[in-house]
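Here's a quick look at a protein fold, and then at one of its residues. Have the viewer open as you read.

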Amino acid sequence: MSRDARYREVSEAFGAALARLASGYEADPDKRRDLLQDIHAALWRSLESFEGRSSLRTWVYRVAHNVGATHLARHGGTRYVELQDAPADVDLEASVSRGLLLERLYALIHALPAVDRQLMLLYLEGLDALAIGEVVGLTPTNVATRIHRLKAALAMRAREGGRR
């Protein structure tokens, strides 16, 4: 199969997930589009090096993660805070629509340190601890523990309803 045909296959299978990941890495719509283009370009360039040692899904997420991490490093002006200390400018109890809740979730994710952000984005994409560990270079136990703590902090913020 040619690289172009393989890229089309990957793009069709994972395009929506990659767009969601780009949204998690970058809040600004213009920079997000650039990031997504960078992810797709990196996927196309690296298709020839895919050897099948991991699943195609894990490989795609690893490439996207690397591009996202590089993007975060280049745009280091972002201030990260712990989830429980993130600004509570949206009242979760009043945000009954799924869109507003997702917007709030992404706002909280954008405030996370880079590794925690990456873990949550991959978790939300349905990857298990083993696959996430392969992508970010952590043990599955470490991944599971960190995700558990992040989910607990997020649940605490939801219970607060955005109140301080």
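Helices (H or I, at least four residues) and strands (E, at least two) are taken as DSSP runs, numbered from the N terminus. By that count the protein has seven helices and zero strands, so from the N terminus the elements simply read α-α-α-α-α-α-α. Keep in mind that this is a predicted model: local features need pLDDT of at least 70, side-chain atom pairs count only at pLDDT 80 or more, and totals for chains, interfaces and linings use all residues. Residues are numbered from 1 along each chain as its sequence is written, and side-chain values use heavy atoms, with hydrogens and water left out.

Some whole-protein numbers come next. Accessible areas are Shrake-Rupley values with a 1.4 Å probe, and for residues only the protein chains shown count as cover. Buried means under 20% relative accessible area, exposed over 50%, and partly exposed in between. A contact means heavy atoms within 4.5 Å.

| Property of the protein | Value |
|---|---|
| Buried share of the 164 residues | 39% |
| Share of contacts with a separation of 6 or more that join residues 24 or more positions apart | 70% |
| Accessible surface | about 9,100 Å² |
| Part of that surface on carbon and sulfur atoms | 53% |

Now zoom in on Arg-57, which sits in helix α3 (residues 56–74). With a relative accessible area of 33%, Arg-57 is partly exposed. Beyond its neighbours within four places in sequence, Arg-57 touches Phe-14, Glu-125, Gly-126 and Leu-127. Its side chain also reaches the backbone oxygen of Glu-125 at 3.0 Å, a polar contact being a pair of N or O atoms within 3.5 Å; within protein, one must be able to donate a hydrogen and the other to accept it, and residues adjacent in sequence count only if both atoms are side-chain atoms.

Note on methods
Buried means under 20% relative accessible area, exposed over 50%, partly exposed in between (1.4 Å probe, protein chains only).
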